[in-house]
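Walk through this model step by step, with the structure open beside the text.

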Amino acid sequence: MRIVVLAGGIGGARFLRGLKQEVGPGAGLTDITVIGNTGDDIHLFGLKVCPDLDTVMYTLGGGIHEEQGWGRADESFSIKAEMKEYGVGPEWFGLGDKDFATHIVRTQMLGAGYPLSAVTEALCARWQPGVRLVPMSDDRVETHVLTDIEGERKAVHFQEYWVKHHALVPAHAIIPVGAEQAKPAPGVLEALAEADVILFPPSNPVVSIGTILSVPGIRRAVVEAKAPVIGLSPIIGGAPVRGMADKVLEAVGVETTAAAVAKHYGSELLDGWLVDESDAASVAEVEAAGVPCRAVPLWMTDVDASAAMAREALAFAEAVRRA
């Protein structure tokens with residue numbers, strides 16, 4: 001079985017850990033390809049930082065800071081402290097010493113002419129995540145947010161909006177800068193075309209999965225794929241499972257409900273949608289929009305819970321395939 005997952009950072013990574021457990025040895029799995037969001041990528045201190053790719057890599061490779069969900073475990077911050085002494089910022093984005101090493105290696109390889117997809121493969125050779133991690137594009141795409149800061153309307157990098165301002169300033173539009181000119185990374189379209197199952201984990205539907213789909217050719221490949229496409233709601237009980245997805249949903253005119261997110265993706269993309277048991281009342285609304293829907297437990301409280309979610313998603317995909 002060939003599974004393709006479109007993933008952002010923490011939510012996608014934790015779901016993938018459960019998916020790996022569910023389809024472990026003896027389950028007949030032949031391949032998991034993860035198409036990672038690179039719209040969160042940012043250049044800091046002269047280095048190329050890929051937060052979502054690294055979160056997936058560290059989580060599946062056993063190096064993640066479990067409580068944060070991002071960054072390295074047992075981290076130190078000597079370099080950041082020294083940069084501050086030199087008066088070099090930004091101070092609002094925390095990179096640890098071990099994390100700096102990853103970004104230095106990545107930046108060196110990019111400078112030597114290797115594409116991001118090849119660099120990601122090389123980094124994963126150390127971490128052995130157990131999946132094939134592919135960036136959505138080798139081209140530079142950066143998500144920006146049109147917002148109001150100190151009385152001025154301007155577009156800022158998503159990381160500045162999310163990390164520095166904690167999404168507390170109003171968002172008027174989400175702009176994936178460079179997406180229109182970007183091309184899918186090698187292997188992305190092929191993986192989608194050959195997939196047996198395509199999954200949208202509980203990642204941010206606007207700035208994670210939405211950004212991946214904004215790269216020309218990827219959305220069409222998902223629509224035209226022979227595989228069933230199953231999504232898992234990142235919204236439970238009218239609130240994001242984690243983070244501030246409600247802020248960016250509002251920016252694109254989507255209510256913060258499991259049903260609204262399903263309709264945002266639409267029946268063209270989705271063949272099935274899973275909502276949490278607490279949102280069971282929304283199943284009829286989702287199905288009225290043309291998307292088959294089931295209510296199952298969606299809280300990723302631990303790896304076993306994430307594995308159970310993956311089991312439900314794969315079972316739903318099989319039911320859709322047989323229908």
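Ala7 stands opposite Gly36 in β2. This is a predicted model: local features need pLDDT of at least 70, side-chain atom pairs count only at pLDDT 80 or more, and totals for chains, interfaces and linings use all residues. Residues are numbered from 1 along each chain as its sequence is written, and side-chain values use heavy atoms, with hydrogens and water left out.

Strand β1 covers residues 2–7 and runs parallel to β2, with six bridges joining the two. Strands here are DSSP runs of E with at least two residues, helices are runs of H or I with at least four, and both are numbered from the N terminus. Two strands pair if DSSP finds at least two bridges between them. β2 also pairs with strand β5 (residues 132–135), again in the parallel sense, over four bridges. Gly36 has Pro135 as its bridge partner in β5. Val34 faces Leu133 of β5.

How enclosed is strand β2 by the rest of the structure? Five of its six residues (31–36) are buried, so the strand is largely enclosed. Buried means under 20% relative accessible area, exposed means over 50%, and partly exposed lies in between, with a 1.4 Å probe and protein chains only.

Now widen the view. Seven strands form an open sheet with parallel pairing, in the order β5-β2-β1-β9-β10-β13-β14. Its edge strands are β5 and β14 (293–296), each pairing on one side only. Neighbouring strands are turned by 20° against each other on average, direction ignored. The axes behind that angle are lines fitted to C-alpha atoms, for helices over the stretch in contact, and angles run from 0 to 180 degrees between N-to-C directions.

Strand β11 (residues 235–236) holds Ile236. Ile236 is buried, at 6% relative accessible area. Beyond its neighbours within four places in sequence, Ile236 is in contact (heavy atoms within 4.5 Å) with Val241, Asp276, Ser278, Asp279, Leu298 and Trp299. Gly210 is 26 residues from Ile236 along the chain, and their C-alpha atoms are separated by 19 Å.

Next, the cysteines. A disulfide is a covalent bond between the sulfur atoms of two cysteines. The rule used here asks for a pair of cysteine sulfur atoms within 2.5 Å. The count comes to zero disulfides. Cys50 is buried at 0% relative accessibility. Cys124 is buried too, at 9%.

The last stop is the largest pocket, with about 1,000 Å³ of space. On a 1 Å grid over the protein atoms alone, a pocket is an open set of points with protein on both sides within 12 Å along at least five of seven lines, and lining residues have an atom within 4 Å of a point. The lining has 48 residues, and the closest to the pocket centre are Gly9, Ile10, Trp70, Trp162 and Arg242. Helices α1 (10–22), α2 (51–61), α4 (97–111) and α6 (158–164) each supply at least two lining residues. α2 gives the most, with five.

Thr55 is in helix α2. Is Thr55 buried or exposed? Thr55 is buried, with a relative accessible area of 7%. Not counting residues up to four places away in sequence, Thr55 touches Gly9, Ile10, Ala13, Ile64, Gly69 and Trp70.

Notes:
On a 1 Å grid over the protein atoms alone, a cavity is a set of points where a 1.4 Å probe fits but cannot get out, and a pocket is an open set with protein on both sides within 12 Å along at least five of seven lines; lining residues have an atom within 4 Å of a point. Grid points are joined across faces, edges and corners, and a volume is the space filled by probe spheres set on the points.
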